[in-house]
Amino acid sequence: MIRNNWLIDEVKEIYNTPLLELIYKAATIHREYNDTAEVQVCTLLSIKTGGCSEDCSYCPQAARYNTGVNVQALMQKEDVLKYAQKAKDAGSTRFCMGAAWREVRDNRDFDRVIDMVKGVNELGMEVCCTLGMLTENQAHKLADAGLYAYNHNLDTSDTHYREIITTRTYEDRLNTLDNVRKAGVTVCCGGIIGLGEAHDDRIKMLHTLATLPEHPESVPINALVRVKGTPLENNPKVDIWDMVRMIATARILMPATMVRLSAGRTEMSVAEQALCFMAGANSIFAGDKLLTTPNPSFEEDNIMFQLLGLKPREAFKTEKAEQFSV
Ligand code: SAM
Ligand code: DTB
Ligand code: SF4
């Protein structure tokens, strides 16, 4: 049964379950709701890089930190489509375009992004964007162009959010998610661990996600990538067991959601990643770059998939299943 009326104490109890018991429970639920051999393979591209006005303390693209990221204006559609085709050829079924913007503005850059969405959609890939805050009208325009998903993370709990970002509010984030829903675009929304949050903040964030009117269709769980020059550069490395606990709890709370083992894989062994898949992760970012930081190569991931007996999930699978069941 899929629930969105979880109580905070129930989430706490699941999160605090002894680890092996938690993995077992999550793995059991995962098998009931999903094909556990399948992993969704998504590729990211930063279409507009750096120079961002926000102060997100984890982010290498904030203009106010000296991180060595080169500012790059919005890419041309043709170049973006070349990357998308390359990602598709390497086995990706979802292509996510990211822009270092606070929010979308109604200007020629937005028109160009709309064209990119159309182009990637025509390649037969699920198109995702992460462009910052959106109005309902902008969300509708993206939907009309064929946008499949919009990524907009809550990052952490509402209380810890203020320690991490001061240039916008949690409420702003929730508003954008609402606008995305109203336009009929699927929601990709998750968070980051390693931001100096307490276990209670993680529990609160998972509770917020799992009690949204509808569960996000995908929930990325990122381990902080510690980038030199950002205020969080000296934070301790995320413990793999914390990652496993987050993924397992997310899987139990949101059984049918794609839970993505997102940033941080370059610092994890194959055995550690296997634990995450066991605990219910069924999506990854593939390709040797996330937005600005390194990620395992397609070749490395292919070897891992072979070893673990995993296969890439086909594009638009949920829609196809719905068509057949009508
Ligand atoms: N500017 C838009 C926004 O903030 O929504 C879109 C791009 S932003 C880079 C997308 C997400 O990347 C952030 O919400 C955050 O969750 C994640 N992210 C950024 N820097 C990260 C880091 N160093 N480690 C892990 N995740 C990170
Ligand atoms: C998400 O949750 N993680 C991705 C994607 N959504 C946009 C971004 C990770 C960024 C890591 C830091 C970087 O490469 O700049
Ligand atoms: Fe800008 Fe997004 Fe980075 Fe925040 S996370 S600084 S909004 S690019």
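1. How much space lies in the largest pocket? In this predicted model, the answer is about 610 Å³. The lining of the largest pocket is made up of 29 residues, and those that lie nearest its centre are Glu217, Ala256, Thr257, Met258 and Thr318.

2. As to where that lining comes from, β1 (38-48) and α12 (317-325) each supply at least two residues to the largest pocket, and α12 gives the most, with 4 residues. By residue class, the lining of the largest pocket divides into 9 nonpolar, 9 polar and 11 charged residues.

3. The second largest pocket, with a volume of about 510 Å³, is lined by 21 residues, of which Leu44, Leu45, Tyr83, Asp288 and Lys289 lie nearest its centre. Here β1 and α3 (77-89) each supply at least two lining residues, and β1 gives the most, with 4 residues. The lining of the second largest pocket divides into 11 nonpolar, 7 polar and 3 charged residues.

4. A point on β1 deserves a remark: this strand supplies at least two residues to the lining of the largest pocket, and β1 also supplies at least two to that of the second largest pocket.

Technical notes: Residues numbered from 1 in each chain as written. Chains lettered and ligands numbered in written order. Predicted model: local features only at pLDDT ≥ 70, side-chain atom pairs only at ≥ 80, totals over all residues. Heavy atoms only, no water. 1 Å grid on protein atoms, 1.4 Å probe; cavity = no way out; pocket = protein on both sides within 12 Å on 5 of 7 lines; lining within 4 Å. Points joined across faces, edges and corners; volume = space filled by probe spheres on them. Nonpolar A, V, L, I, M, F, W, Y, C, P; charged D, E, K, R; others polar.
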